[in-house]
Amino acid sequence: MATTLIHVEHLSRHYGALQAVADVNFELSQGEVLGFLGPNGAGKSTTMQMISGNLAPSQGSVKICGIDLLEQPKLAKAEIGYLPEQPPLYRELTVDEYLTFAARINRIAKNKITSAVERAKQRCGLEEVAKRLINNLSKGYQQRVGIAQAIIHSPSIVVLDEPTVGLDPIQIREIRKLIRELGKEHGVILSTHILPEVQMTCDHVQIINKGQLVFADKIENLNQRMQASSLIMSVQQSPPVDMLTAIEHVTAADDLGDGRWRIHYPPENSPAAILATQAANNNWGLYELSPEHKSLEQIFVDITTAEQPAPENTPSEEHAA
Amino acid sequence: MMIFTLAQRELRSLFLSPLAWSILAVVQLILAYLFLTQLNEFLTLQAQLKMIEGAPGATDLVIAPLYGSATFILMMVVPLLTMRIISEERRSRSLPLLFSAPLSMTEIIIGKYLGIIGFLLIMITMISLMPLSLLFAGSIDLGLLAAIVFGLILLVSAFAAVGLYMSSLTQQPTVAAVSTFGILLLLWIVDWAGGKAGDDNASNLLSYLSTLRHYEGLSKGVFSSADVIYFVLFISTFLILSIRRLDADRMKG
């Protein structure tokens, strides 16, 4: 197993009576992209702020590459690059000036500053706007400057809080590509409320709701939960319901109108082949037969609205995995 | 050195805003006007002054009043310079850049403070060019001038420390400016009240607190270490308060 970059134990935070984050535990290893999912106000940003040293936790510990963030903040912070929800920009500076300043305060050696700035600009696609004032850049470019600032000192961990908010689809695609690239060298923690984003960019996913981790697993396992257990079939001449339910493995058939049917079956026993044969034999005029994916949204809602998380989804499994 | 990187950025950002330039221009204009009126008066009196033994020279009659006005103008101007230093960063949410970099709160505060001090030194240098120009025409008391300039530097450094702390308390630059000015004015006039009350202990204490009292000595060329220590303590108090306030941001969120 790769080295553990970040180790979070019993992390809690409350604002007065409000418990924003309660007893969160997780780890991140080199070369992993961890997605933090949750509805608004779930505690994603608070967790990110605590990991990056912007907010002191009420309880618990954060270890960055084995260094305790609370005891040796300077050493630990040198290993973190952080992009908050709103990129922390000095709008009166140009991109070059800003990145040079970011490089300096992150203690990059003087003779390496220029190359670090060049590299960050190149990775984030900022070469063309290098001489422009940050204030005059579009939201997408400002976001990229924010990411460039977070990766300029090649930190072990890059923490990105909702990096694709407010961007157009092309920019979103570029930033996701960048995140996947970053994930090869750095450990990346990314928060978002967009589910497909997590599917596309992350290896691990954690779902947080009301301050508690309700799901923590590999992305494959999340995909598995999305496995279909129903088919959508469209035919020109609808057969009688009895005929459909009589087919082996079909547990139920719902008429959706206009010759569209939803066929339910027990998982891993798809009747698709038999249905196709039947349709051909009986001249139903089959023109669509596709597995219906349970949407990620559906799973998300299932998990976050559940009173008690299912035992197999507790965070402890993440450590065992 | 991280502190100087931060100070340099602060100074640069100040000069990128029109505020700093207009303040420099306005202060220079007003003081130049005062300087010239004072000089004119001195020139008309010069003939009579020559008759008197041990009469005050140009340094006493032109330069001292110039710096006297400068202290008062700077008391109004420093709050405008310091008001944005932290509040603006808090409002534009750029503080996380500094917080997530390997910097301590002390470095952040001192760096920002030195940035402002750098600007104020530029301003004082520009003001001092006026009296120094008299060297072309005659001699001035350079020792007294040095004491006055030193006193002014200490005084505005104290103003800036108050401004920095006030700016760390709020998100609104104007609130920071108004409250800084209020505190500076109060500390300026606090010894007036004591004098009238007639209570000796109270008036001693109040006049000891007054920034003006401690500047007066230096402005007369009396270098007293007690006055210097007063300013050093004054500045460190407000810097430490600012550091603690910024640290509280991290605790409270």
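**Close-up views of a predicted model**

**View 1. Strand 7 of chain A supplies a bridge partner for I80(A).** That partner is I157(A). The model shown here and in the other views is predicted. Strand 7 (residues 157-161) and strand 6, both of chain A, run parallel to each other. Four bridges join this pair. Helix 6 of chain A (residues 169-185) packs on the sheet. The helix touches strand 3 (33-37), strand 7 and strand 8 (187-192) of chain A. Its direction makes about 145 degrees with that of strand 8 of chain A.

**View 2. Six strands of chain A form an open sheet.** Their order is 6-7-8-3-9-10, and the pairing is mixed. Strand 6 (80-83) and strand 10 (212-218) of chain A are the edge strands. Each of these pairs on one side only. Neighbouring strands of the sheet are turned by 15 degrees against each other on average, direction ignored.

**View 3. Chain A is assigned two domains.** Domain 1 covers 4-225 + 300-320 of chain A. Domain 2 covers 230-292 of chain A. The C-alpha centres of domain 1 and domain 2 of chain A are 45 Å apart.

View 4. Chain B has a mean pLDDT of 88. Of its residues, 95% reach 70 or more. The scores for the model are ipTM 0.86 and pTM 0.83.

Definitions and conventions: Residues numbered from 1 in each chain as written. Chains lettered and ligands numbered in written order. Predicted model: local features only at pLDDT ≥ 70, side-chain atom pairs only at ≥ 80, totals over all residues. Pairing = 2+ DSSP bridges. Helix = DSSP H or I, 4+ residues; strand = E, 2+ residues; numbered from the N terminus. Axes fitted to C-alpha atoms, helices over the stretch in contact; angles between N-to-C directions. Contact = placed C-beta atoms within 7 Å. Domains from an automatic or database assignment. pLDDT = per-residue confidence, 0-100.
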